[in-house]
Amino acid sequence: RPGTVVGNCRIERLLARPAAPRTDLVVVNCNFTYGVLTEHRRSWLASVAAACEAAGRRYVVSRHGADRGWVDPRRVSRRPVDDLLGEAGVLVTRFSTLGFEALARGVELVYHNPHGERVATFRDPRGAFGVSDSAESLAEILRRLPAEPPVRERSAAFLAAQVDVDPARSSAERAAEVVTARDRKSTRLNSSH
């Protein structure tokens, strides 16, 4: 049975809040989990660290709960990523839905892909965020951030295409409409037998 897209309540809530003031902090999302490209973790992190140092940006690593590889504990934050994104100026990540959350919060996003990930979602940023494939290209992007216009303005079309947020109807309202319509259809089918 095909599903019905009804939106994303988390992204809706983030978009409804005012964008918080940002610091120069770069949050690095270490999300090499479930056996997917885990062999690239160390080189990916090393390239991000080199880029942050070259760009003169302070950074902290946020680890996905299922990420089990070694990461320098001096760089890993104990704070939840939700707290970190509340103040961060930039999120550097590989493919992750956390990128959508960063954009919704008004946090600059850089999709860092030196390892040749093939997921298409973040490959065409439509001007919403930066895409890097080396420590050098990441450092160059970091030097130019923050950018204008503001993140939310730049990323609105990208987010709308990826997440399907409808400002006129919340995801809860849309889900209720789908359930109600299916219940009515089921009732009609059952009463016709």
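## Ser47 and its surroundings

Ser47 touches His112, Pro114 and Ala135, leaving aside residues up to four places away in sequence. Ser47 belongs to helix α2, which spans residues 41-55. In this predicted model, Ser47 has a relative accessibility of 12% and therefore counts as buried, the cut-off being under 20%.

## Packing of α2 with α5

Ser47 is also one of the residues through which α2 meets helix α5. The axes of α2 and α5 lie 8 Å apart, and the angle between them is about 40°. That angle makes α2 oblique to α5. The crossing of α2 past α5 is right-handed.

On the α2 side, the contact is made by Ser47, Val48, Ala50, Ala51, Cys52, Ala54 and Ala55. On the α5 side, Ala135, Leu138, Ala139, Leu142 and Arg143 take part. Sorted by class, the contact of α2 with α5 holds 10 nonpolar residues, 1 polar and 1 charged.

## Helix α4 and its cover

Helix α4 covers residues 98-105. How many of the residues of α4 are buried? The count is 8 of 8, and α4 is described as mostly covered. The buried residues are Leu98, Gly99, Phe100, Glu101, Ala102, Leu103, Ala104 and Arg105.

Several elements contribute to the cover over the buried residues of α4. Among them are the helices α1 (9-16), α3 (81-87) and α6. The strands β1 (26-30), β3 (90-93) and β4 (108-112) are also included. After α4 comes Gly106, which has a positive phi near 90°.

## Packing of α4 with α6

One of the elements covering α4 is α6, a helix of residues 151-163. The angle between α4 and α6 is about 140°, and their axes are 9 Å apart. Why are α4 and α6 classed as oblique to each other? Only angles over 145 degrees count as roughly antiparallel, and 65 to 115 degrees as roughly perpendicular, so the angle of about 140° leaves the pair oblique. The crossing of α4 past α6 is left-handed.

From α4, the contact involves Phe100, Leu103, Ala104 and Arg105. From α6, it involves Val151, Arg152, Ser155, Phe158, Leu159, Gln162 and Val163. By class, 7 residues in the contact of α4 with α6 are nonpolar, 2 are polar and 2 are charged.

## The loop between α5 and α6

Pro149 sits in the loop that lies between α5 and α6. Is Pro149 buried or partly exposed? Its relative accessibility is 32%, so Pro149 counts as partly exposed. The C-alpha atom of Pro149 is 9.7 Å from that of Ala128, a residue 21 positions away along the chain.

## The chain as a whole

The protein chain contains 7 helices and 5 strands. In sequence order, these follow the pattern α-β-α-β-α-β-α-β-β-α-α-α. Of the 193 residues in the protein chain, 42% are buried. Among contacts with a separation of 6 or more, 66% are between residues 24 or more positions apart.

## Confidence

The protein chain has a mean pLDDT of 85, and 84% of its residues reach 70 or more. Where is confidence lowest, and where is it highest? Helix α7 (residues 171-191) is lowest, with a mean of 73, whereas helix α5 (residues 135-144) is highest, at 98.

Conventions
Residues numbered from 1 in each chain as written. Predicted model: local features only at pLDDT ≥ 70, side-chain atom pairs only at ≥ 80, totals over all residues. Heavy atoms only, no water. Axes fitted to C-alpha atoms, helices over the stretch in contact; angles between N-to-C directions. Helix = DSSP H or I, 4+ residues; strand = E, 2+ residues; numbered from the N terminus. Parallel < 35°, antiparallel > 145°, perpendicular 65-115°, else oblique. Left-handed = near helix turned anticlockwise from the far one by under 90°. Contact = heavy atoms within 4.5 Å. Nonpolar A, V, L, I, M, F, W, Y, C, P; charged D, E, K, R; others polar. pLDDT = per-residue confidence, 0-100. Buried < 20%, exposed > 50% of the residue type's maximum accessible area, 1.4 Å probe, protein only.
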